Amino acid sequence: MTAMNVPCISLRDFDDRRLEITSELMKASSQAGFFTIKDHGIPLEQIRAAFALSESFFALPDHIKAKTSHNGKNMGWEKNAQIRPSTGTADLKESMVLQFARMEGMWPCEDDLPGFRQQAEAFMFAMQRLSIKIMECFADALGLPADTFTEATVDPGVGDSQTACRLLHYYDLGGKTYDPDQWRCGAHADFSLLGLLFQRPGEFGLEVCPGREVVGDHGLGNVWIPIEAKEGHIVCNIGDQLMRWSDDRLKSTFHRVRLPRPDEKQGPRYSIAFFNQARSNTIIQGPDRKYPPITGQDFILNAMRRDKLGNAKDVKAASLNSNIATESGVPPARLVPVVG
Ligand SMILES: [Fe+2]
(Lines give C-alpha, C1' and ligand atoms only; values in the text may rest on other atoms or scores of the structure.)
Protein backbone atom coordinates (compact mmCIF):
# COMPACT_ATOMS: atom_id res chain seq x y z
CA MET A 1 0.00 0.00 0.00
CA THR A 2 1.32 3.44 -0.85
CA ALA A 3 1.25 6.31 1.61
CA MET A 4 -2.22 7.79 1.90
CA ASN A 5 -4.19 10.12 4.05
CA VAL A 6 -7.70 11.30 4.78
CA PRO A 7 -7.67 14.78 3.23
CA CYS A 8 -9.89 17.75 3.99
CA ILE A 9 -11.46 19.13 0.81
CA SER A 10 -12.96 22.62 0.60
CA LEU A 11 -16.11 23.02 -1.50
CA ARG A 12 -15.68 26.83 -1.56
CA ASP A 13 -16.68 28.41 -4.90
CA PHE A 14 -17.97 25.02 -5.95
CA ASP A 15 -19.18 25.95 -9.43
CA ASP A 16 -15.98 27.76 -10.37
CA ARG A 17 -13.70 25.12 -8.85
CA ARG A 18 -15.68 22.06 -9.87
CA LEU A 19 -12.89 20.41 -11.89
CA GLU A 20 -10.33 20.96 -9.14
CA ILE A 21 -12.73 19.68 -6.48
CA THR A 22 -13.61 16.64 -8.59
CA SER A 23 -9.95 15.81 -8.94
CA GLU A 24 -9.46 16.04 -5.15
CA LEU A 25 -12.57 13.92 -4.49
CA MET A 26 -11.43 11.23 -6.93
CA LYS A 27 -7.91 11.10 -5.53
CA ALA A 28 -9.14 10.73 -1.95
CA SER A 29 -11.82 8.21 -2.87
CA SER A 30 -9.56 6.01 -4.96
CA GLN A 31 -7.03 5.82 -2.13
CA ALA A 32 -8.29 6.13 1.45
CA GLY A 33 -11.98 5.99 0.49
CA PHE A 34 -12.54 8.66 3.15
CA PHE A 35 -12.27 12.46 3.08
CA THR A 36 -13.65 15.34 5.08
CA ILE A 37 -15.31 18.40 3.56
CA LYS A 38 -15.58 22.00 4.71
CA ASP A 39 -17.18 25.13 3.18
CA HIS A 40 -20.09 22.89 2.22
CA GLY A 41 -22.85 25.41 2.82
CA ILE A 42 -24.74 23.70 5.66
CA PRO A 43 -24.85 26.35 8.43
CA LEU A 44 -23.26 25.50 11.77
CA GLU A 45 -26.50 26.54 13.49
CA GLN A 46 -28.43 23.91 11.54
CA ILE A 47 -25.88 21.22 12.41
CA ARG A 48 -26.00 22.15 16.11
CA ALA A 49 -29.80 22.12 16.01
CA ALA A 50 -29.74 18.65 14.45
CA PHE A 51 -27.53 17.39 17.28
CA ALA A 52 -29.86 19.00 19.83
CA LEU A 53 -32.79 17.24 18.17
CA SER A 54 -30.92 13.94 18.32
CA GLU A 55 -30.11 14.43 22.01
CA SER A 56 -33.74 15.21 22.77
CA PHE A 57 -34.82 11.98 21.10
CA PHE A 58 -32.31 9.80 22.93
CA ALA A 59 -33.19 11.49 26.23
CA LEU A 60 -36.71 10.06 25.98
CA PRO A 61 -37.47 7.00 28.14
CA ASP A 62 -36.84 3.70 26.39
CA HIS A 63 -40.52 2.75 26.43
CA ILE A 64 -41.28 5.90 24.41
CA LYS A 65 -38.46 5.28 21.94
CA ALA A 66 -39.67 1.70 21.64
CA LYS A 67 -42.86 2.98 20.02
CA THR A 68 -40.71 3.31 16.90
CA SER A 69 -38.52 0.22 17.34
CA HIS A 70 -36.41 -0.94 14.39
CA ASN A 71 -38.67 -2.64 11.88
CA GLY A 72 -36.08 -4.81 10.13
CA LYS A 73 -36.19 -2.55 7.07
CA ASN A 74 -33.45 -0.19 8.15
CA MET A 75 -35.80 2.18 9.99
CA GLY A 76 -36.41 2.89 13.66
CA TRP A 77 -34.74 2.74 17.05
CA GLU A 78 -32.39 0.04 18.28
CA LYS A 79 -30.33 -0.23 21.44
CA ASN A 80 -27.37 -2.55 22.03
CA ALA A 81 -28.69 -4.60 19.13
CA GLN A 82 -26.16 -4.31 16.31
CA ILE A 83 -23.68 -7.18 16.51
CA ARG A 84 -20.77 -6.81 14.08
CA PRO A 85 -19.19 -9.90 12.51
CA SER A 86 -15.81 -8.30 13.22
CA THR A 87 -16.36 -8.29 16.98
CA GLY A 88 -19.13 -10.71 17.83
CA THR A 89 -20.35 -8.20 20.41
CA ALA A 90 -23.08 -5.58 20.21
CA ASP A 91 -21.98 -2.03 19.53
CA LEU A 92 -22.20 0.08 22.70
CA LYS A 93 -24.77 2.46 21.29
CA GLU A 94 -28.36 3.21 20.44
CA SER A 95 -29.47 4.63 17.12
CA MET A 96 -32.51 5.89 15.28
CA VAL A 97 -32.71 5.34 11.52
CA LEU A 98 -34.92 7.67 9.49
CA GLN A 99 -35.81 7.45 5.82
CA PHE A 100 -37.69 9.59 3.30
CA ALA A 101 -40.22 6.91 2.35
CA ARG A 102 -42.28 4.15 3.97
CA MET A 103 -41.97 5.80 7.41
CA GLU A 104 -45.62 5.39 8.40
CA GLY A 105 -45.71 4.86 12.17
CA MET A 106 -41.94 5.23 12.43
CA TRP A 107 -41.74 8.94 13.29
CA PRO A 108 -41.84 9.88 17.00
CA CYS A 109 -45.33 11.28 17.64
CA GLU A 110 -45.90 15.00 18.15
CA ASP A 111 -46.93 14.50 21.79
CA ASP A 112 -43.59 12.89 22.61
CA LEU A 113 -41.31 15.12 20.54
CA PRO A 114 -42.99 18.11 18.89
CA GLY A 115 -41.53 19.14 15.56
CA PHE A 116 -39.15 16.21 15.32
CA ARG A 117 -40.21 15.04 11.86
CA GLN A 118 -40.24 18.52 10.35
CA GLN A 119 -36.78 19.41 11.61
CA ALA A 120 -35.28 16.01 10.84
CA GLU A 121 -36.58 15.99 7.29
CA ALA A 122 -35.29 19.52 6.64
CA PHE A 123 -31.80 18.40 7.71
CA MET A 124 -32.06 15.22 5.64
CA PHE A 125 -32.97 17.20 2.52
CA ALA A 126 -30.02 19.53 3.14
CA MET A 127 -27.70 16.52 3.34
CA GLN A 128 -29.25 15.06 0.20
CA ARG A 129 -28.73 18.30 -1.76
CA LEU A 130 -25.09 18.38 -0.68
CA SER A 131 -24.65 14.69 -1.51
CA ILE A 132 -25.95 15.28 -5.04
CA LYS A 133 -23.25 17.86 -5.73
CA ILE A 134 -20.55 15.41 -4.66
CA MET A 135 -22.10 12.43 -6.47
CA GLU A 136 -22.35 14.45 -9.70
CA CYS A 137 -18.61 15.02 -9.53
CA PHE A 138 -18.04 11.27 -9.17
CA ALA A 139 -20.36 10.50 -12.09
CA ASP A 140 -18.51 12.99 -14.31
CA ALA A 141 -15.13 11.58 -13.39
CA LEU A 142 -16.25 8.00 -13.96
CA GLY A 143 -17.53 8.85 -17.44
CA LEU A 144 -21.18 8.41 -16.49
CA PRO A 145 -24.01 10.90 -17.09
CA ALA A 146 -23.81 13.58 -14.38
CA ASP A 147 -27.22 12.69 -12.97
CA THR A 148 -26.51 8.94 -12.71
CA PHE A 149 -26.31 8.83 -8.93
CA THR A 150 -28.97 11.51 -8.46
CA GLU A 151 -31.44 9.46 -10.49
CA ALA A 152 -30.24 6.40 -8.64
CA THR A 153 -30.78 7.67 -5.12
CA VAL A 154 -33.42 10.43 -5.12
CA ASP A 155 -36.99 9.18 -5.00
CA PRO A 156 -38.97 10.62 -7.93
CA GLY A 157 -42.19 10.16 -5.95
CA VAL A 158 -42.75 6.43 -6.18
CA GLY A 159 -41.65 5.66 -2.62
CA ASP A 160 -38.67 3.45 -3.44
CA SER A 161 -35.99 5.52 -1.71
CA GLN A 162 -33.63 3.54 0.50
CA THR A 163 -31.50 6.49 1.61
CA ALA A 164 -31.24 6.67 5.39
CA CYS A 165 -30.26 9.11 8.13
CA ARG A 166 -28.97 7.52 11.30
CA LEU A 167 -28.83 9.39 14.59
CA LEU A 168 -26.26 7.76 16.87
CA HIS A 169 -25.73 7.92 20.61
CA TYR A 170 -22.67 6.23 22.09
CA TYR A 171 -23.04 6.06 25.84
CA ASP A 172 -21.26 7.94 28.57
CA LEU A 173 -18.71 5.37 29.75
CA GLY A 174 -17.61 7.11 32.94
CA GLY A 175 -16.99 4.70 35.81
CA LYS A 176 -17.45 1.62 33.64
CA THR A 177 -14.99 -0.95 32.34
CA TYR A 178 -15.30 -3.03 29.20
CA ASP A 179 -13.68 -6.06 27.60
CA PRO A 180 -11.18 -5.53 24.75
CA ASP A 181 -13.75 -7.13 22.42
CA GLN A 182 -16.21 -4.29 22.98
CA TRP A 183 -16.44 -1.27 20.71
CA ARG A 184 -18.60 1.74 20.29
CA CYS A 185 -18.83 0.58 16.69
CA GLY A 186 -17.06 -2.55 15.48
CA ALA A 187 -15.06 -2.62 12.24
CA HIS A 188 -17.20 -2.70 9.11
CA ALA A 189 -17.54 -1.28 5.61
CA ASP A 190 -20.72 0.57 4.64
CA PHE A 191 -22.93 -0.84 1.93
CA SER A 192 -24.27 2.57 0.91
CA LEU A 193 -23.29 4.61 -2.12
CA LEU A 194 -21.90 7.68 -0.34
CA GLY A 195 -21.93 8.37 3.39
CA LEU A 196 -21.82 11.71 5.20
CA LEU A 197 -21.05 11.86 8.92
CA PHE A 198 -21.27 14.76 11.38
CA GLN A 199 -19.24 14.60 14.59
CA ARG A 200 -18.98 16.97 17.54
CA PRO A 201 -15.63 18.36 18.69
CA GLY A 202 -13.96 16.34 21.42
CA GLU A 203 -16.10 13.27 20.70
CA PHE A 204 -13.41 11.21 19.03
CA GLY A 205 -12.86 7.55 18.29
CA LEU A 206 -13.50 7.18 14.54
CA GLU A 207 -10.72 5.28 12.79
CA VAL A 208 -10.40 4.09 9.19
CA CYS A 209 -8.29 1.32 7.68
CA PRO A 210 -7.62 1.71 3.94
CA GLY A 211 -6.52 -1.28 1.93
CA ARG A 212 -9.58 -2.99 0.49
CA GLU A 213 -9.09 -3.82 -3.19
CA VAL A 214 -12.29 -5.60 -4.29
CA VAL A 215 -15.84 -4.80 -3.31
CA GLY A 216 -17.37 -7.31 -0.93
CA ASP A 217 -14.12 -8.76 0.32
CA HIS A 218 -13.00 -8.50 3.94
CA GLY A 219 -9.48 -7.36 3.17
CA LEU A 220 -8.02 -4.76 5.45
CA GLY A 221 -4.88 -2.71 5.42
CA ASN A 222 -2.67 -2.83 8.47
CA VAL A 223 -2.98 0.65 9.95
CA TRP A 224 -5.97 2.43 11.47
CA ILE A 225 -6.02 6.19 10.87
CA PRO A 226 -7.93 8.35 13.37
CA ILE A 227 -10.23 11.05 12.00
CA GLU A 228 -10.48 14.05 14.26
CA ALA A 229 -13.94 15.29 15.20
CA LYS A 230 -14.12 18.88 13.95
CA GLU A 231 -17.26 20.92 14.30
CA GLY A 232 -18.82 21.80 10.97
CA HIS A 233 -16.65 19.41 9.01
CA ILE A 234 -18.36 16.43 7.40
CA VAL A 235 -16.64 13.07 7.12
CA CYS A 236 -17.49 11.43 3.79
CA ASN A 237 -16.86 7.87 2.70
CA ILE A 238 -17.39 5.66 -0.30
CA GLY A 239 -19.70 2.70 0.34
CA ASP A 240 -19.81 -0.71 -1.32
CA GLN A 241 -22.44 0.38 -3.84
CA LEU A 242 -20.21 3.06 -5.31
CA MET A 243 -17.15 0.80 -5.14
CA ARG A 244 -18.99 -1.72 -7.32
CA TRP A 245 -20.48 1.00 -9.55
CA SER A 246 -16.96 2.35 -10.17
CA ASP A 247 -15.60 -1.13 -10.98
CA ASP A 248 -13.51 -0.92 -7.78
CA ARG A 249 -11.85 2.39 -8.72
CA LEU A 250 -13.32 4.06 -5.62
CA LYS A 251 -12.69 2.32 -2.32
CA SER A 252 -15.18 1.41 0.38
CA THR A 253 -13.02 1.30 3.46
CA PHE A 254 -13.35 -0.46 6.81
CA HIS A 255 -13.86 1.82 9.78
CA ARG A 256 -14.78 1.63 13.47
CA VAL A 257 -15.31 3.74 16.56
CA ARG A 258 -13.11 2.75 19.48
CA LEU A 259 -13.78 3.18 23.18
CA PRO A 260 -12.00 6.03 25.00
CA ARG A 261 -8.80 4.98 26.71
CA PRO A 262 -8.68 5.33 30.52
CA ASP A 263 -6.89 8.68 30.30
CA GLU A 264 -9.34 10.14 27.80
CA LYS A 265 -12.72 11.84 28.16
CA GLN A 266 -15.30 9.17 28.96
CA GLY A 267 -18.39 11.19 28.05
CA PRO A 268 -20.98 10.33 25.43
CA ARG A 269 -20.49 10.62 21.69
CA TYR A 270 -23.25 11.70 19.34
CA SER A 271 -22.93 11.52 15.59
CA ILE A 272 -25.29 11.84 12.64
CA ALA A 273 -24.80 9.75 9.51
CA PHE A 274 -26.51 10.09 6.15
CA PHE A 275 -26.31 7.14 3.78
CA ASN A 276 -27.15 7.73 0.14
CA GLN A 277 -28.50 4.39 -1.08
CA ALA A 278 -29.50 3.17 -4.51
CA ARG A 279 -33.28 3.05 -4.94
CA SER A 280 -34.81 -0.42 -4.87
CA ASN A 281 -35.08 -0.91 -8.63
CA THR A 282 -31.99 1.02 -9.69
CA ILE A 283 -29.55 -1.09 -11.70
CA ILE A 284 -25.98 -0.87 -10.42
CA GLN A 285 -23.29 -1.56 -13.00
CA GLY A 286 -19.96 0.14 -13.67
CA PRO A 287 -18.82 1.58 -17.00
CA ASP A 288 -16.40 -1.33 -17.56
CA ARG A 289 -19.02 -3.94 -16.57
CA LYS A 290 -16.56 -5.61 -14.20
CA TYR A 291 -19.52 -7.00 -12.26
CA PRO A 292 -22.93 -8.15 -13.49
CA PRO A 293 -25.86 -5.75 -13.04
CA ILE A 294 -27.68 -5.86 -9.71
CA THR A 295 -30.63 -3.89 -8.33
CA GLY A 296 -30.28 -1.64 -5.31
CA GLN A 297 -32.62 -3.89 -3.37
CA ASP A 298 -30.69 -7.08 -4.14
CA PHE A 299 -27.40 -5.36 -3.42
CA ILE A 300 -28.48 -4.50 0.11
CA LEU A 301 -30.01 -7.94 0.71
CA ASN A 302 -26.78 -9.60 -0.44
CA ALA A 303 -24.65 -7.27 1.66
CA MET A 304 -26.66 -7.97 4.80
CA ARG A 305 -26.48 -11.71 4.15
CA ARG A 306 -22.74 -11.58 3.51
CA ASP A 307 -22.12 -9.57 6.64
CA LYS A 308 -23.87 -12.26 8.64
CA LEU A 309 -22.30 -15.27 6.96
CA GLY A 310 -19.05 -13.88 5.60
CA ASN A 311 -15.50 -14.28 6.61
CA ALA A 312 -16.05 -12.71 9.99
CA LYS A 313 -13.09 -14.42 11.63
CA ASP A 314 -10.70 -12.82 9.14
CA VAL A 315 -12.12 -9.37 9.79
CA LYS A 316 -11.85 -9.87 13.51
CA ALA A 317 -8.28 -11.12 13.30
CA ALA A 318 -7.20 -8.29 11.01
CA SER A 319 -8.95 -5.76 13.19
CA LEU A 320 -7.21 -6.92 16.34
CA ASN A 321 -3.78 -7.28 14.71
CA SER A 322 -3.65 -3.95 12.91
CA ASN A 323 -1.63 -1.02 14.19
CA ILE A 324 -2.92 2.37 15.22
CA ALA A 325 -1.74 5.58 13.59
CA THR A 326 -1.55 8.19 16.31
CA GLU A 327 -2.87 11.69 15.72
CA SER A 328 0.16 13.39 17.15
CA GLY A 329 2.86 10.77 17.09
CA VAL A 330 5.26 9.79 14.35
CA PRO A 331 3.28 8.23 11.55
CA PRO A 332 4.06 4.69 10.52
CA ALA A 333 6.32 4.24 7.54
CA ARG A 334 3.64 3.49 5.01
CA LEU A 335 0.94 5.94 6.04
CA VAL A 336 0.79 9.63 6.78
CA PRO A 337 -2.33 10.39 8.82
CA VAL A 338 -3.79 13.80 8.04
CA VAL A 339 -6.78 14.74 10.14
CA GLY A 340 -9.09 17.51 9.03
FE1 LIG B 1 -20.09 2.83 8.91
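## Close-up views of a predicted model

**View 1. Alanine 28 and what it touches.** Setting aside residues up to four places away in sequence, alanine 28 touches Pro7, Ile9 and Phe35. Two residues are in contact here if their C-beta atoms, placed from the backbone, lie within 7 Å. This is a predicted model, where local features need pLDDT of at least 70, side-chain atom pairs count only at pLDDT 80 or more, and totals for chains, interfaces and linings use all residues. Residue numbers start from 1 along each chain as its sequence is written. You'll find alanine 28 in helix α1. Helices are DSSP runs of H or I with at least four residues, strands are runs of E with at least two, and both are numbered from the N terminus. Alanine 28 has 25 other C-beta atoms within 10 Å, so it counts as buried. The cut-offs: buried takes 20 or more other C-beta atoms within 10 Å of the residue's own, exposed takes 12 or fewer, and partly exposed is in between, with C-beta atoms placed from the backbone. Isoleucine 238 is 210 residues from alanine 28 in sequence, yet their C-alpha atoms are 9.8 Å apart in space.

**View 2. Helix α1 packed on helix α4.** Two packed helices are described by the angle between their axes and the distance between the axes. Helix α1 (residues 18-30) packs against α4 at about 80°, with the axes 9 Å apart. Axes are lines fitted to C-alpha atoms, for helices over the stretch in contact, and angles between N-to-C directions run from 0 to 180 degrees. That makes α1 roughly perpendicular to α4. On the labels: under 35 degrees is roughly parallel, over 145 roughly antiparallel, 65 to 115 roughly perpendicular, and the rest oblique. From α1 the contact takes Arg18, Ile21, Thr22, Leu25 and Met26, and from α4 it takes Ile134, Cys137, Phe138, Asp140 and Ala141. Sorted by type, the residues of this α1 and α4 contact are seven nonpolar, one polar and two charged. Nonpolar means Ala, Val, Leu, Ile, Met, Phe, Trp, Tyr, Cys and Pro, charged means Asp, Glu, Lys and Arg, and the others, Gly among them, go down as polar.

**View 3. Helix α2 crossing helix α4.** The axes of α2 (residues 44-58) and α4 (residues 116-141) come within 10 Å and cross at roughly 135°. The two helices are therefore oblique to each other. The crossing of α2 past α4 is left-handed, meaning that the near helix is turned anticlockwise from the far one by less than a right angle, with clockwise giving right-handed. On the α2 side the contact is made by Gln46, Ala49, Ala50, Leu53 and Phe57, and on the α4 side by Phe116, Gln119, Ala120, Phe123 and Ala126. The residues of the α2 and α4 contact come out as eight nonpolar, two polar and no charged.

**View 4. Helix α4 from end to end.** With 26 residues, α4 reaches 38 Å from its first C-alpha to its last, close to the 38 Å expected at 1.5 Å a residue. The expected span is 1.5 Å times one less than the number of residues. Its buried residues include Ala120, Phe123, Met127, Leu130, Ile134 and Phe138, along with Gln128 and Ser131. After α4 comes glycine 143, with a positive phi near 80°.

**View 5. Arginine 256 in strand β11.** Arginine 256 sits in strand β11 (residues 254-257). This arginine 256 is buried, with 21 other C-beta atoms within 10 Å. Leaving out neighbours within four places in sequence, arginine 256 is in contact with Trp183, Cys185, Gly186, Ala187 and Glu207. Take cysteine 185: it is 71 residues from arginine 256 in sequence, but 5.3 Å from it in space, C-alpha to C-alpha.

**View 6. Two loop residues with positive phi.** Most residues other than glycine have a negative phi. Aspartate 248 has a positive phi of about 75° although it is not a glycine, and its place is the loop between α6 (240-245) and β11. Aspartate 248 is buried, with 20 other C-beta atoms within 10 Å. Arginine 289 isn't a glycine either, and its phi is positive at about 50°. Arginine 289 lies in the loop between β13 (283-284) and β14 (294-295) and counts as exposed, with 9 C-beta neighbours inside 10 Å.
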